[in-house]
Amino acid sequence: APCPARHLERADDRIATRTVETPGGATARLAESSPDCVLVGEDLPETDLAAFVDRVRESDPEVPVICYGASERLASEGLDAGVTDVVRRGEGWTDVLTNRVLNAVESYRNREAARHRDRKLRSLLEFSSDRLGVLDERGRYKFVSPAVERLMGYDPEQLLGTSGFEYVHPEDRDRVEAAFERLRENPEDTYRVEY
């Protein structure tokens with residue numbers, strides 16, 4: 001199948017391609033760089049699609065892999081192999097491929113950014129000297145920072161699944177629960193409650 005690299009680069013200046021002719025060359029390229037997307041022509045020589053996708057996934061389990069070609073069996077084999085998407089050659093197929101690549105890369109980058117934010121948040125929560133907690137929609141602890149042991153005498157694991165409101169002074173509990181309810185109704189807002 002003709003390589004669509006030139007079309008992709010002309011179609012959108014955010015796309016830069018590197019063409020590799022063999023599965024071994026692709027595996028070597030993956031080891032030295034981290035692509036945002038891997039395109040595979042259906043006529044990949046000397047290997048089958050599933051074996052190649054497995055090698056790509058060993059390098060990066062999340063990177064999008066898009067297969068392109070003309071055969072009838074392409075969609076079935078591609079999806080069985082675990083590719084992200086399959087584009088059949090036909091009229092306008094390179095434009096379709098360009099859009100699918102851009103969408104897959106954007107989704108991949110968003111997932112990577114979310115994982116990075118989650119790691120930073122987890123680190124902040126775990127190593128804070130303040131008592132921090134994450135509550136579910138019912139007000140039960142999903143996470144409690146280790147500082148709770150030093151500040152309140154509770155093992156963090158002991159609090160998981162219990163109501164966070166049980167540990168609020170009874171005179172303040174209604175006010176704290178009301179603020180929590182407002183937050184549930186308007187999750188984008190921020191409420192500050194001292195108790």
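1. Is E62 buried, exposed or partly exposed? At 33% relative accessibility, E62 comes out as partly exposed. Bear in mind throughout that this is a predicted model.

2. R109 bridges to D36, and here the closest N and O atoms are 2.4 Å apart. I'd have a look at that contact in the viewer. R109 is in α5 (residues 93–127) and D36 in the loop between α2 (23–32) and β1 (38–41), so the pair joins distant parts of the chain, 73 residues apart. Both ends are partly exposed: R109 has a relative accessible area of 48%, and D36 has 28%.

3. A local pair for contrast: R122 and E126 form a salt bridge at 4.0 Å, N to O. Both lie in α5, four residues apart, which is about one turn of the helix. Residues three or four places apart in an α-helix point the same way, because there are 3.6 residues a turn. R122 is partly exposed at 42%, as is E126 at 31%. Over the whole structure, the search turns up eight salt bridges.

4. Now the sheet. It is open and has three strands, in the order β1-β2-β3, with parallel pairing. β1 and β3 (85–88) are the edge strands; each has a single partner, so one side of each lacks a neighbour in the sheet. On average, neighbouring strands are turned by 25° against each other, direction ignored. Four bridges hold the parallel pairing of β1 and β2, and L39 stands opposite I66 in β2. Helix α5 packs on this sheet and touches β1, β2 and β3, its direction making about 165° with that of β3.

5. Helix α2 has a clear division of sides. P23, A26 and L30 are its buried residues. Looking down the axis, the buried residues of α2 fall within an arc of 60°, so they line one face of the helix. On the other side, A31 and E32 are exposed. As for what the buried residues of α2 pack against, the answer is β1 and α3.

6. Which residues touch the most other members of the largest nonpolar core? They are V38, L49, V56, V65 and V83, out of 16 residues in that core. Each of α2, β1, α3, β2 and α4 (74–81) supplies at least two residues, and α3 gives the largest share, four residues. Nonpolar side chains tend to be buried together in soluble globular proteins.

7. V65 deserves a click of its own. Setting aside neighbours within four places in sequence, V65 contacts V38, V40, V53, V56, R57, V83, T84 and D85.

How values were computed. Residues numbered from 1 in each chain as written. Predicted model: local features only at pLDDT ≥ 70, side-chain atom pairs only at ≥ 80, totals over all residues. Heavy atoms only, no water. Salt bridge = Lys/Arg side-chain N within 4 Å of Asp/Glu carboxyl O. Buried < 20%, exposed > 50% of the residue type's maximum accessible area, 1.4 Å probe, protein only. Arc of directions from axis to C-beta. Contact = heavy atoms within 4.5 Å. Pairing = 2+ DSSP bridges. Axes fitted to C-alpha atoms, helices over the stretch in contact; angles between N-to-C directions. Core = buried A, V, L, I, M, F, W, Y, C linked by side-chain atoms within 4.5 Å.
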